[in-house]
Amino acid sequence: MESHPSASFAHSVDTLGHWRSALESRVRELARFLREHELLDEPATGLLESLRQRLAGEKLIVAFVAEFSRGKSELINAIFFADTGRRILPATPGRTTMCPVEIGYEADEPPGLALLPIDTRLQSPSLADLRRQPRAWQLTPLDMEDTEGLAQALTQVTQTRSVSVTMARDLGFWNDDAPDDNPPLDEQGCVEVPAWRHALINLPHPLLKRGLVVLDTPGLNAIGAEPELTVGLLPAAHATVFVLSADTGVTKSDLAIWRDHLGVQGVSRYVVLNKIDTLVDPLSTAEETEAQIERQCNDVAHTLNMPRERVFPLSAKQALTARVAGEEADLIASRLPALEEALSERLLPQRQQMLAQIGVEGIAIVEQQVGRRLTDRRRQIAEQLLELRGLRGKNATKVKLMLTRVDAEAAEFEQCISRLQAMRVVHTRMLKDALLDLSSDRLREHVGEMQEGIRSSLLQLGAKKAFMTLCGKLRERMKRAQSRSEEIHSMLEASFEMLNTEFGFSLLVAPTPELGRFVGDLDLIERNYVQYLGLTQALKLTQERFLEQFRRMLVSRLRVVFESASGELELWNKTASAQIDTQLRDRRRGFKRRREALERIQAAAGELESRLSELESQDARLQQLQQRVTELVQGTRLHADPRGDLSERDTVSTSELLDDSIDLLLDFEIDPARA
């Protein structure tokens, strides 16, 4: 069945996916063209490849969070999977999702359901580590042609186990200090817990192929028992949909989830008041029912301190039924389109703008490097043309003098090597100092200090203070790395200016990478962790296993931030160094060609015009090449930013560089004294 026209969010996700794919193809075509014409050095190749992989592998994560029996799985079915004609996730009474479920698509993996046994919580490896251990998971292949069998296979996420209180305590589902929150005991004095710790569903669904990842998170117990879910997966979501039931409003456990795990995620939060169909009373008028729904929405907004426009009353069951049956009127009555429209208008444009900004900035850097390289090549050709045209009608003595001049210029140019070596020594030392602030070793040291601070505090009540101290140190390191990178920029700028003036290079330092956004990532991690280190959670940290798992997850999350910052800083420095090697190589090649041309002319006077014609043809080809590069770059930039309103780094356009440089050379007259 085709997706219904009113499925606005699904359609918008698909549109975003098409845009990403098209932009990624343009970047790939640009890289291929530049590589074929030897216009890419290693850092520029890495930059384009990184951009291409980012576009191809970008994930849009939407998390759905709720207590049991709020209709969350039904809502996921209605928004994303109604085109299958039936429920995909189990959402019938008594068959609720018991473990966190990630639904996505990886092309190199077959369709399947991977389940991680709950017993792995007793082991030291983190969830992130276990993702890289296929043997730790129980895999069930999924047949996409058999929707009935597919739905039946996915019911495994509802499975439970009966364990002793001791085992439940070790697994994190029993807390002696909060007896009201513990699950009930059965007749044998055992506790029912989820059979699985985590589930990964790999489905070749069109939306999932476009990079959508749906995170289905069940219940307060499941969230609280898994620190990696709380401080890893949920904060990484680009949007969080918190599902309540219209007939109960905000319950105590709902409020606990919101307060402890979702309360600081800002503009990405949406609240759904599901099951509004249960408020319909045959003895009440439609106006009275509508008034009751509105009161519930206002109460929810007030309790959660959310804007009223972020609370969406709807009926997921009615929406799914309407989508499967193709009933537009019933779908509108379900009110689901209002939520989808909000997600489409607020979430997706932000993602597209972020990717477009990255694309525009990356392409601008590559364009600048390629432009300067083409400029240098054309300048060398222009120098040779002027030189050879000056030989027309001259005798052998003139050619010999020109050979002597080329040798002298080459020897003079080689004097730059000592300057370059000195600059590289300073550059290497400064870069090492900057990267030291971002190293994994320093990161682990600071996290270890935080862990010891938590252990030494009374009942781990100093955890929050220790963590905030850690965050302050890490922010300071990031800011210090930014300061060091600016010092490197100043040093390179001065050195490049000297090299350009004395030895004819055309070196240019790209703007320093902006590490401030990584400070923002650290701020986000701090906000999400601080709420997890409050008084209500402090007692869990008295368990050494839980504290160690918490530390592992924290290090894993922080390492991503610091490695990303370090990678950007290294790539920027490699780009600067590669310019020198490229221009040094091109200049030496130019001197060699000039000498070879003069030697051939010395041997055969008739070869002068042939060499001039050859150089003129080379310059014409370079002009055509420049035109094609400009077309590819402009086409890629226009696709990324059709309106052209994204802020770009201050750069000199390739055409301006070429025109200015070549015009100056062609206006230049050879000094008769030197000739």
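Colleague: Quick one on Tyr-270: buried or exposed?

Modeller: Tyr-270 is buried, because its relative accessible area is 2% (buried is under 20%, exposed over 50%, partly exposed in between, with a 1.4 Å probe and protein chains only).

Colleague: And what are we looking at here?

Modeller: It's a predicted model, where local features need pLDDT of at least 70 and side-chain atom pairs count only at pLDDT 80 or more, while totals for chains, interfaces and linings use all residues. Residues are numbered from 1 along each chain as its sequence is written, and side-chain values use heavy atoms, with hydrogens and water left out.

Colleague: How many aromatic pairs turn up in the whole structure?

Modeller: Two. Rings of Phe, Tyr and Trp (its six-membered ring) pair if their centres lie within 6.5 Å; planes under 30 degrees apart are stacked, over 60 edge-to-face, and the rest tilted. Phe-242 and Trp-258 make a tilted pair, with 5.4 Å between centres and 35 degrees between planes.

Colleague: Where do those two sit in the chain?

Modeller: Phe-242 is in strand E9 (residues 239–245) and Trp-258 in helix H10 (residues 252–262), 16 residues apart. Helices (H or I, at least four residues) and strands (E, at least two) are DSSP runs numbered from the N terminus. Both Phe-242 and Trp-258 are buried.

Colleague: Why is the pair of Tyr-270 and Phe-312 called tilted?

Modeller: Because its planes are at 40 degrees, with the ring centres 6.5 Å apart. Tyr-270 is in strand E10 (residues 269–274) and Phe-312 in strand E11 (residues 311–313), 42 residues apart. Phe-312 counts as buried, at 8% relative accessibility.

Colleague: Which charged end sits over the ring of Tyr-270?

Modeller: That of Arg-310, 4.8 Å from the ring centre (the rule: NZ of Lys or CZ of Arg within 6 Å of the ring centre and within 35 degrees of the ring normal). Lys-209 does likewise over Tyr-105, at 5.9 Å from the centre.

Colleague: Switching to Asp-254: what does it touch?

Modeller: Leaving aside neighbours within four places in sequence, Asp-254 contacts Glu-67, Arg-70, Phe-242, Leu-244 and Gly-249, contact being heavy atoms within 4.5 Å. Asp-254 lies in helix H10 and is buried at 0% relative accessibility.

Colleague: Last topic: why call strand E7 largely enclosed?

Modeller: Because six of the seven residues of E7 (residues 196–202) are buried. Strand E3 (residues 112–117) runs antiparallel to E7, joined by six bridges, with Leu-115 opposite Ala-199. Strands pair if DSSP finds at least two bridges between them. Strand E2 (residues 101–104) pairs with E7 in the parallel sense over four bridges.
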